[in-house]
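User: I would like to learn how to read the main features of a model such as this one, going from the whole chain down to single residues. Could you take me through them in turn?

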Amino acid sequence: QKDPLVLFMPSGRRGRFAKGTPVLDAARQLGVYIESVCGGRGICGRCQIEAQEGHFAKHGISSAADHLSGVTEAENRYAEKRVLVEGRRLSCQALVEGDLVVDVPQDVQINRQIVRKRAETRVIERDPATQLCYIEVEEPDMEKPLGDADRLLHALEKEWGFQKPRIAARLLPQIQKLLRDGEWKVTCAVYTDGRVEGGGPIVTAIFPGFHNVGCGLAVDIGSTTIAAHLTSLLSGRTMASAGAPNPQIRFGEDLMSRVSYVMMNPEGRTQMTKAVRDAIGVLIAELVQGAGITPDDVLEAVFVGNPIMHHLFLGIDPTELGGAPFALAVSDAVSLDAREIGLPINDGAHVYVLPCIAGHVGADAAAVTLAEGPHRADEMTLVVDVGTNAEIVLGNKDRLVAASSPTGPAFEGAEISGGQRAAPGAIERVRIDRETLEPKIKIIGGDEWSNEEGFEKVAQDVGVTGICGSGIIEVVGEMYLAGIIDEDGVIDGSLAAKSERIQPTGRTFSYLLWRGDEAAKSQEIKILQTDIRAIQLAKAALYAGVRLLMDKLGLEQVEAIKLAGAFGSYIDPTYAMVIGLIPDCPIDKVKGVGNAAGTGARMALLNRSYRREIEEVVRKIEKIETAMEPRFQEHFVAAMAFPNKVEAFPNLA
Ligand code: FES
């Protein structure tokens with residue numbers, strides 16, 4: 001008779017196992033990741049599974065809870081102390097007795113009290129580089145004069161199956177005390193790179209006794225904002241997220257001015273490195289405190305950022321990135337210890353910085369690529385991360401090309417007269433009546449469309465404070481569709497006779513989108529001719545970059561578009577196409593994907609195979625330097641018009 005068949009869901013991996021095999025062992029043999037801190041002693045409760053009931057004809061399995069051995073003492077003990085949801089079993093205790101479909105729940109979460117808010121809902125398959133392993137170490141013996149560290153490593157080998165584990169030399173002075181404090185029971189943080197020669201398992205931290213809090217940080221260093229997420233390495237849940245302005249702003253608003261600051265000031269690089277590291281330190285302290293853990297519980301950190309942020313964070317002079325050939329000091333992924341850069345987390349925590357794609361296309365774009373996976377797609381996919389620089393990746397599983405385009409800050413609401421960042425009170429949606437030219441708006445924080453008359457009802461206390469990126473795209477698109485601006489973006493002054501919204505302003509005209517009203521706490525918002533120009537320049541730069549990449553791949557059409565970044569998630573794809581920000585594509589294939597850089601960073605944090613994946617992909621991406629391409633200018637000029645001069649947009653019809 002054949003051994004029982006065990007099928008693990010959701011991964012779909014399966015195999016036959018002798019009766020009496022612990023489910024946890026079966027999972028390990030198939031490479032199904034089930035967390036375990038206590039090494040199968042039934043204490044940590046991390047290894048929960050559920051046996052699905054029913055006949056799974058497709059797989060030839062009839063599965064039932066009683067195909068598992070009976071509930072053990074250890075499980076009863078665990079269930080008494082903590083909650084073991086009805087039907088759940090500890091996979092280290094439950095033995096295979098018959099055919100089984102085993103569900104590995106994604107929500108095993110012991111430390112409920114430390115879960116504050118879930119920043120992301122995406123479930124990431126876990127295989128973190130750092131693992132917590134509880135062991136019981138043999139006590140010293142005069143007969144066998146092996147050192148404490150040696151016996152500890154021996155226990156790791158024996159109980160956890162690590163091959164030739166090592167211990168960070170930094171821990172040696174503390175090891176005797178730690179072992180004795182824990183009465184020969186300790187929990188080790190074991191880091192396994194799994195990539196480099198000699199990158200075998202290494203003990204990076206030791207906690208006396210049984211310890212089951214292990215967290216990681218995913219940090220996106222933007223030129224204006226730093227965003228950090230604290231994630232449990234054990235459950236994969238995001239426990240807390242926080243953001244702070246990048247303090248380097250005081251040295252230069254945009255990237256190039258920060259490079260010039262370094263060039264002009266001998267201390268510039270050091271000052272900016274210190275500023276960003278300090279700010280990250282403050283964010284970490286805030287996150288750790290909020291989550292009710294200690295800095296020592298943070299055992300891994302992953303960082304992403306554009307090339308200049310990446311260099312400054314690592315303490316590298318970014319001067320070379322200021323001009324052709326935009327040479328990166330290092331493009332491959334960087335690994336180091338937290339204490340080398342003074343991060344206030346566990347001294348032995350491992351820091352991983354994603355690779356940079358090119359001198360203008362950074363580790364943030366690599367993270368977006370990892371999250372959105374154009375390299376896994378059949379469709380020709382365009383991924384755009386819109387910020388002050390748009391980073392663009394185009395292609396599919398066969399070939400990928402990347403570039404960046406100098407869009408400037410217009411899409412973030414800067415350089416626009418009434419512009420502001422996306423925040424409550426900002427106009428985010430606009431419709432203009434084609435006949436009367438009267439507008440209707442929707443603001444962030446208000447749910448309904450409104451005109452000036454009915455506005456008070458909609459947003460009594462917020463008021464209209466400005467217009468954000470997505471609002472600007474819509475107002476320009478609507479002005480074009482309503483005939484207020486022509487193909488070249490010029491406001492038609494003759495309409496002033498028809499509508500008082502069109503007003504002479506200097507030598508040009510403007511469109512009055514919103515009348516100021518003190519009672520309703522509302523600002524006057526006008527769309528000036530210079531605002532239209534700023535949008536034209538930004539969208540033409542983006543489009544020209546995209547077009548260059550399409551030329552490179554010999555494409556006339558892209559099949560899917562993913563818009564990353566806060567701005568990308570809010571813009572309406574139709575308007576993005578109306579103004580010619582993105583190339584023609586079936587509208588239902590254009591998606592805002594939110595904070596994809598943050599998601600990519602969390603993926604690299606929670607699963608080391610994603611690190612390998614993105615390193616390989618980045619090596620293969622063909623990089624194009626827009627500034628060096630003669631056709632960029634040509635495309636740029638053509639793309640200034642609405643939607644633009646040369647391309648057809650059949651999907652807009
Ligand atoms: Fe710890 Fe099962 S592995 S309870």
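Analyst: Domain bounds here come from an automatic or database domain assignment, and the model itself is predicted. With those bounds, the protein chain is divided into domain 1 (5–108), domain 2 (130–208), domain 3 (218–360), domain 4 (364–409 + 535–646) and domain 5 (418–527). Taken over C-alpha atoms, the centres of domain 1 and domain 2 are separated by 28 Å.

User: How many residues of domain 1 and of domain 2 are in contact, and how do those on the side of domain 1 divide by class?

Analyst: Contact is judged here from C-beta atoms placed from the backbone, which must lie within 7 Å. By that criterion, four residues of domain 1 are in contact with seven residues of domain 2. On the side of domain 1 that touches domain 2, three residues are nonpolar and one is polar, while none is charged.

User: What radius of gyration does the protein chain have, and what would a compact globule have?

Analyst: For 653 residues, a compact globule would have a radius of gyration near 26 Å, and the 29 Å of the protein chain agrees with that. Along its principal axes, the C-alpha trace spans about 100 × 65 × 55 Å, and the secondary structure comes to 16 helices and 29 strands.

User: At what angle do helix H11 and helix H16 pack?

Analyst: Two packed helices are described by the angle between their axes and by the distance between those axes. Helix H11 (residues 529–553) and helix H16 (residues 630–638) pack at an angle of about 130°, with their axes 8 Å apart, and H11 and H16 are therefore oblique to each other. H11 passes H16 in a right-handed crossing. From H11, the contact is made by Ala 540, Ala 541, Ala 544, Arg 547, Leu 548 and Asp 551, and from H16 by Arg 631, Phe 632, His 635 and Phe 636. By class, this contact of H11 with H16 has six nonpolar, one polar and three charged residues.

User: Are helix H8 and helix H15 roughly perpendicular or roughly parallel to each other?

Analyst: Angles of 65 to 115 degrees count as roughly perpendicular. Helix H8 (residues 363–372) packs with helix H15 (residues 608–620) at an angle of about 115°, the axes being 10 Å apart, so H8 and H15 are roughly perpendicular to each other. H8 also passes H15 in a right-handed crossing. Ala 366, Thr 369 and Leu 370 of H8 make the contact with Tyr 610, Glu 613, Ile 614, Val 617 and Val 618 of H15, and these residues divide into six nonpolar, one polar and one charged.

User: Finally, which peptide bond is cis, and where is Trp 184 found?

Analyst: The cis peptide bond runs from Ala 324 to Pro 325, with omega near 0°, and Pro 325 lies in the loop between helix H7 (307–314) and strand S16 (334–337). Trp 184 is found in the loop between helix H4 (172–181) and strand S10 (185–191), and Trp 184 has a positive phi of about 70° although it is not a glycine.

Definitions and conventions:
Residues are numbered from 1 along each chain as its sequence is written. This is a predicted model: local features need pLDDT of at least 70, side-chain atom pairs count only at pLDDT 80 or more; totals for chains, interfaces and linings use all residues. Two residues are in contact if their C-beta atoms, placed from the backbone, lie within 7 Å. Ala, Val, Leu, Ile, Met, Phe, Trp, Tyr, Cys and Pro count as nonpolar, Asp, Glu, Lys and Arg as charged, and the others, Gly among them, as polar. Axes are lines fitted to C-alpha atoms, for helices over the stretch in contact, and angles run from 0 to 180 degrees between N-to-C directions. Helices (H or I, at least four residues) and strands (E, at least two) are DSSP runs, numbered from the N terminus. Angles under 35 degrees count as roughly parallel, over 145 as roughly antiparallel, 65 to 115 as roughly perpendicular and the rest as oblique. A crossing is left-handed if the near helix is turned anticlockwise from the far one by less than a right angle, and right-handed if clockwise. The radius of gyration is taken over C-alpha atoms; the globule rule is 2.2 Å times the number of residues to the power 0.38.
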